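User: I would like to learn how to read the features of a protein model, step by step. Could you take me through them with an example?

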Amino acid sequence: MNGSTWHVIKAGRVGAEGYLDLDGKTVTEKAKAEMNSLDTNTDFYIGGVSSLNLVNPMAIANEPVGFQGCIREVIINNQELQLTELGAKGGSNVGDCDGTACGYNVCRNRGECVVNGTTFSCQCSPPWAGNTCEQSAYCLNNLCLHQSLCVPDQSSSYRCLCTLGWEGRYCENKISFSTAKFMGNSYIKYIDPDYRMRNHHFTTVSLNFSTTETEGLIVWIGKAQNEENDFLAIGLHNQSLKIAVNLGESISVPVIYSNGTFCCNKWHHVIVSQNQTLIKAYLDDNLILSEDIDPHKKFVALNYDGISYLGGFEYGRKVNTVTQEIFKRDFVGKIKDVFFQDSKKIELIKSEGYNVYNGDEQN
């Protein structure tokens with residue numbers, strides 16, 4: 001511990017069992033508590049706290065003192081914390097550990113940072129370019145049309161992720177569809193124009209889907225910005241239908257229906273409704289779930305800000321990270337006949353989205 005070596009610490013828990021890993025060496029310990037859930041819906045403190053009197057005596061062996069040294073790459077539940085004045089909520093007495101303009105990971109994609117006085121420059125490794133090596137050289141002069149996204153691939157080239165209503169190598173062909181075909185890196189984002197007038201104690205979503213996969217997020221109703229956001233979600237997990245709800249306190253309630261199989265591109269009709277804390281689900285017109293997730297009714301409204309996602313999230317946002325591992329990956333298959341809150345069918349092609357194809361064809 002001479003201050004010149006970086007160490008990797010990993011810590012976490014599964015149920016009542018905790019683990020601590022230092023540079024690859026792991027120890028585990030099981031708590032004697034009867035509870036399995038951990039409510040950490042509070043601020044995170046790095047290196048110290050605003051008042052050392054706040055530290056729980058059970059968490060320390062001696063008098064509490066603040067950390068002296070350098071900390072970087074703090075990842076909580078697969079999300080890296082931004083330890084900067086822009087990313088942190090507050091702090092004091094924190095300096096630049098590196099001492100130069102070249103901070104940790106300032107050059108992306110393994111670029112080398114070079115100090116130039118009080119500034120820096122990045123020497124990028126192929127095929128990356130840009131001030132911080134954030135751009136693919138293959139995409140600098142791309143031919144992608146109609147606000148499509150250029151994505152570098154493994155063959156020293158690139159591909160275009162088309163916006164809704166376009167397809168083709170460069171998204172040059174205009175299309176229309178009523179059935180959306182998702183390819184595994186696709187999504188549709190729907191904004192409910194009547195959200196402010198809705199009664200948020202009641203939510204209903206209805207749709208048809210078909211797939212050959214055993215995992216995938218079908219629909220996520222909610223902002224999906226952080227783990228505190230309310231949501232109602234439907235997807236597949238281990239070839240079973242999974243429904244998860246969070247009305248508050250960041251504690252989701254997952255329910256899995258495993259009496260059916262979803263394969264062979266067969267169409268299935270699913271309806272999920274929320275009436276305060278009563279959740280009901282129908283699969284192919286059969287009631288498969290009726291559960292009151294909180295008889296005390298502490299939280300009864302689904303505050304989703306009018307936002308719903310179909311099939312996945314924006315490019316670069318992994319489903320397992322955004323959903324806190326509730327669902328593992330993007331949806332591969334087809335979705336049609338989407339109704340949300342009322343009897344008016346949603347015109348999917350008029351929403352925001354990328355890499356969604358025409359699923360009206362039989363292929």
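User: With which residue does Arg-198 form a salt bridge, and how far apart are the closest N and O atoms?

Analyst: This is a predicted model, in which local features need pLDDT of at least 70 and side-chain atom pairs count only at pLDDT 80 or more, while totals for chains, interfaces and linings use all residues. Residues are numbered from 1 along each chain as its sequence is written, and side-chain values use heavy atoms, with hydrogens and water left out. Side chains of opposite charge can pair when their charged atoms come close. A salt bridge is counted when a side-chain nitrogen of Lys or Arg is within 4 Å of a carboxyl oxygen of Asp or Glu. Here the partner of Arg-198 is Asp-192, with the closest N and O atoms 3.0 Å apart.

User: Are Arg-198 and Asp-192 buried or exposed?

Analyst: Buried means under 20% relative accessible area, exposed means over 50%, and partly exposed lies in between, using a 1.4 Å probe and protein chains only. By this rule both Arg-198 and Asp-192 are buried.

User: Which residues form the salt bridge that involves Asp-305, and where do they lie?

Analyst: Asp-305 pairs with Arg-196, their closest N and O atoms being 3.3 Å apart. The pair links distant parts of the chain, since Asp-305 is in the loop between β22 (286-292) and β23 (307-310), whereas Arg-196 is in the loop between β14 and β15, 109 residues apart. Strands are DSSP runs of E with at least two residues, numbered from the N terminus. Asp-305 counts as partly exposed because its relative accessibility is 32%, and Arg-196 counts as exposed because its relative accessible area is 67%.

User: What is the largest nonpolar core, and which residues touch the most other members?

Analyst: In soluble globular proteins, nonpolar side chains tend to be buried together. A nonpolar core is a set of buried Ala, Val, Leu, Ile, Met, Phe, Trp, Tyr and Cys residues joined through side-chain atoms within 4.5 Å. The largest one here has 39 residues, of which Leu-207, Phe-209, Val-272, Leu-310 and Ile-335 touch the most other members. Its largest share, four residues, comes from β14.

User: What is Leu-207 in contact with?

Analyst: Contact means heavy atoms within 4.5 Å. Leaving aside neighbours within four places in sequence, Leu-207 is in contact with residues including Ile-218, Val-219, Leu-310 and Ile-335. Apart from this core lies another, of 17 residues, among them Leu-161, Ala-233, Phe-313 and Tyr-354.
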